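Hi everyone, thanks for making the time.

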Amino acid sequence: QWKIDDKPVKIDKWDGSAVKNSLDDSAKKVLLEKYKYVENFRLIDVRLIICTISCLFAIVALIWDYLHPFPESKPVLAFCVVSYPLQIIFLVAHRKDPAGMDPDDVWQLSSSLKRFDDKYTLKLTFISGKTKQQREAEFTKSIAKFFDNNGTLVMEAYEPEVSKLHDSLALERKTK
């Protein structure tokens, strides 16, 4: 029997990054613990490689700009800045085929919370291992619905929204 964690998540509700991170972590927890999916860390490994390459680009840009002052170094600086892609996917999870015959189904969670905005968007993407078909579902809600006045995340309000998002894609998969 899955149950919501007994330890409440308390954050500064005026800190947008803390709000987004706590909601992201809680959505991740629901998928991994309630639905028993297995996290794929390849995305995190790729991000670490991208960050390392970005640091190398920054060093090259710094040296190049020192050797060739600004107007001349403009293309190199532009390339180094544009080379760092922003990704918003924060979880890639797999569900193994019970029979072991078909490839794993993939579930991706991504979210957005714009600066100084109270609208949190959570998007769940399902990619069938068998057909490679991709389906998405998302919701956008005010963060005030998920936090109390003290900045404590109310999992009883948030978990059903994440589950409803998941179940809409899971039911659609079963009916086809």
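Let me start with a term: by salt bridge I mean a side-chain nitrogen of Lys or Arg within 4 Å of a carboxyl oxygen of Asp or Glu. Now the housekeeping: this is a predicted model, so local features need pLDDT of at least 70 and side-chain atom pairs count only at pLDDT 80 or more, while totals for chains, interfaces and linings use all residues. Residues are numbered from 1 along each chain as its sequence is written, and side-chain values use heavy atoms, with hydrogens and water left out.

First, the overall layout. The chain has four helices and five strands, and from the N terminus the order is α-β-α-α-β-β-β-β-α. Helices here are DSSP runs of H or I with at least four residues, strands are runs of E with at least two, and both are numbered from the N terminus. Of the 176 residues, 36% count as buried. Buried means under 20% relative accessible area, exposed means over 50%, and partly exposed is in between, with a 1.4 Å probe and protein chains only.

On to the charges. How many salt bridges does a search of the whole structure find? The search turns up eight. Take Lys 29 and Glu 33: their closest N and O atoms are 2.9 Å apart. Both sit in helix α1, four residues apart, or about one turn of the helix. Glu 33 is partly exposed, because its relative accessible area is 34%.

Next, Lys 28 bridges to Glu 39, with the closest N and O atoms 3.3 Å apart. That pair links distant parts of the chain, as Lys 28 is in helix α1 (residues 16–34) and Glu 39 is in strand β1 (residues 38–39), eleven residues apart.

Glu 161 counts as buried because its relative accessibility is 8%, while Lys 145 is partly exposed at 39%. Salt bridges with shared partners join Lys 141, Lys 145, Glu 161 and Lys 164 into one network.

Let's move to the surface. Leu 56, Ile 59, Ile 63, Tyr 66 and Leu 67 make a nonpolar patch with about 580 Å² of accessible area together. Patch residues have over 30% relative accessible area and no salt bridge; like charges are joined within 9 Å, and nonpolar side chains (Val, Leu, Ile, Met, Phe, Trp, Tyr) within 5 Å. The areas come from the Shrake-Rupley method with a 1.4 Å probe, and for residues only the protein chains shown count as cover.

Last stop, a loop. Lys 96 lies between β2 (89–95) and β3 (105–113), and Lys 96 counts as exposed because its relative accessibility is 54%. Lys 96 and Gly 129 are 33 residues apart in sequence, yet 9.2 Å apart in space, C-alpha to C-alpha.
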